[in-house]
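Here's a quick briefing to read with the sequence and the model side by side. Have a look at both, then work through the points below.

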Amino acid sequence: MVNQRGQKKQTSSPPALAPEARRRIRAKLLKWYGTEKRAFPWRGEKDPYRIWVSEVMLQQTRTDTAQGRYPAFLSRFPTLAALADAPLEAVLAEWQGLGYYSRARNLHRAARIVAEHHGGKLPRDKKSLRALPGFGPYMAGAVSSIAFGERASAVDGNAVRVLSRLIDLNEPVDSAAGKKIIELEAEALVPPSRPGDFNQALMDLSAGVCLPRAPRCHACPIAKHCAAALRGAAALRPVKTKKKPPREITIFQLWAENGKTVRLVRREENGLFGGMWELPGLMVEGRPEGPDKRSLAALRRSALGAGWKTGEEIARLVRTLTHRKILFVVYRATADNNTKKTPTSEDALWAQDADLVALPISTAQRAVIDAVREEEAEGQGNLF
Ligand code: SF4
């Protein structure tokens, strides 16, 4: 049977490696890892907390960025107890520039749970780790195998690519059936001894040899066992279902100055940019021509109080995150002469330049603030 992509549909039992092939793959991959593994500050680390931090940083962050930030994070929060004791604000500030701040919030929440309910020690098995915030199947498997030597698979998108090629998987890897096949194969493949090294070897292979577009099969230690490579079909794997375009969101924001300070508000803990500081804003779905006037007035009153007006547009820029394409539109807010007071709240402040450096502010929002500053500088330049 052939599907719409012209691929043969799997009608019999799903592909799987033979036990002997698995044995050889483990041995070859571990040998290769012995000489070819990448040097990272967390490699050889024995402290489960530090291994955990490295894995959290590496999720959706490039390894070179994570490498640069890892030592600073650990010097600020050297132990799980230090992280658990720290205020969330300090953790978010240290996380700046790494993006996906929910990772930092979960790291912090999980550290507090471990400190309170596990005697300050991370649990070792995958199942107990999964109960902690931020521990999905990959994270739990990686920490369990690398930090504790438990036989647990750790399958992220890169490992999926290698595995789908090894078994020449015809099923889309993001379908329920494809995911199940990969999960079962990964569990069977991870060896009882050195499971952490094996999982890291798979990661390194995917990063330097089994590349997404042009796999370097000639340099691959397990090419002889790779069904897709043997069939000359490595670049056609993994099969994926068609991606949805990113969701379009528009955020209308206000730029309000008071002397040399600018008004910032803190977002609610949950959701996009949760807990981060930003210009007061109104988030709407899609690309409306402008903000709803009443909603904008309500925002202005709650963030700035009475006596402020919305003026001209001063900046507009688009930032694309993994699943969202965000258009930021910034308007100048101006105060009439009698405006003296703005509402006081823990979640709003007049920020000086030093605050803009120290507060947790998303990279996207920093780009917005920079765009406004540039616009201001040009405007002032034009005066002279
Ligand atoms: Fe990837 Fe090629 Fe190695 Fe197969 S042989 S695992 S496709 S690099």
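Where does Gln60 lie? Gln60 sits in the loop between helix H2 (48-58) and helix H3 (63-76). Bear in mind that this is a predicted model, where local features need pLDDT of at least 70, side-chain atom pairs count only at pLDDT 80 or more, and totals for chains, interfaces and linings use all residues. Residues are numbered from 1 along each chain as its sequence is written, and side-chain values use heavy atoms, with hydrogens and water left out.

**The whole chain**

- The chain has 15 helices and seven strands; helices (H or I, at least four residues) and strands (E, at least two) are DSSP runs, numbered from the N terminus.
- The C-alpha trace spans about 80 × 55 × 40 Å along its principal axes.
- Of the 384 residues in the chain, 46% are buried. Buried means under 20% relative accessible area, exposed over 50%, and partly exposed in between (1.4 Å probe, protein chains only).
- Among contacts with a separation of 6 or more, 67% are between residues 24 or more positions apart. Contact here means heavy atoms within 4.5 Å.

- H1 covers residues 19-36, so to speak 18 residues, and reaches 25 Å from its first C-alpha to its last, close to the 26 Å expected at 1.5 Å a residue. That expected span is 1.5 Å times one less than the number of residues.
- Its buried residues are Ala21, Arg22, Ile25, Arg26, Leu29, Leu30, Trp32 and Tyr33. Looking down the axis of H1, they fall within an arc of 165°, so they line one face of the helix; the arc is that of the directions from the helix axis to the C-beta atoms.

- The axes of H1 and H11 come within 9 Å and cross at roughly 75°. Axes are lines fitted to C-alpha atoms, for helices over the stretch in contact, and angles run from 0 to 180 degrees between N-to-C directions.
- That makes H1 roughly perpendicular to H11. For the wording, angles under 35 degrees count as roughly parallel, over 145 as roughly antiparallel, 65 to 115 as roughly perpendicular and the rest as oblique.
- On the H1 side, the contact is made by Arg26, Leu29, Leu30, Trp32 and Tyr33; H11 brings Asp197, Phe198, Gln200, Ala201, Leu202, Asp204 and Leu205.
- Helix H8 (residues 137-148) also packs on H11, at an angle of about 130° and with the axes 7 Å apart. That makes H8 oblique to H11.
- From H8, Tyr138, Gly141, Ser145 and Ile146 meet Pro195, Gly196, Asn199, Gln200 and Met203 of H11.

**Helix H9**

- Eight of the ten residues of H9 are buried, so H9 is largely enclosed by the rest of the structure.
- The buried ones are Ala159, Val160, Arg161, Val162, Leu163, Ser164, Arg165 and Leu166, and they pack against H1, H10, H11 and helix H12 (227-230).
- After H9 comes Asp168, with a positive phi near 50°.

**Ala333 in strand S6**

- Ala333 is in strand S6 (residues 324-335) and counts as buried at 6% relative accessibility.
- Leaving aside neighbours within four places in sequence, Ala333 is in contact with Leu254, Trp255, Ala256, Leu304, Trp308 and Lys309.
- Gln253 is 80 residues from Ala333 in sequence, yet their C-alpha atoms are 9.4 Å apart in space.

- As a reminder, most residues other than glycine have a negative phi, and most peptide bonds are trans.
- Gln60 has a positive phi near 60° and counts as exposed at 53% relative accessibility.
- Arg194, in the loop between H10 and H11, has a positive phi near 55° and counts as partly exposed at 41% relative accessibility.
- The peptide bond from Arg237 to Pro238 is cis, with omega near 0°; Pro238 is in the loop between H12 and strand S1 (247-258).
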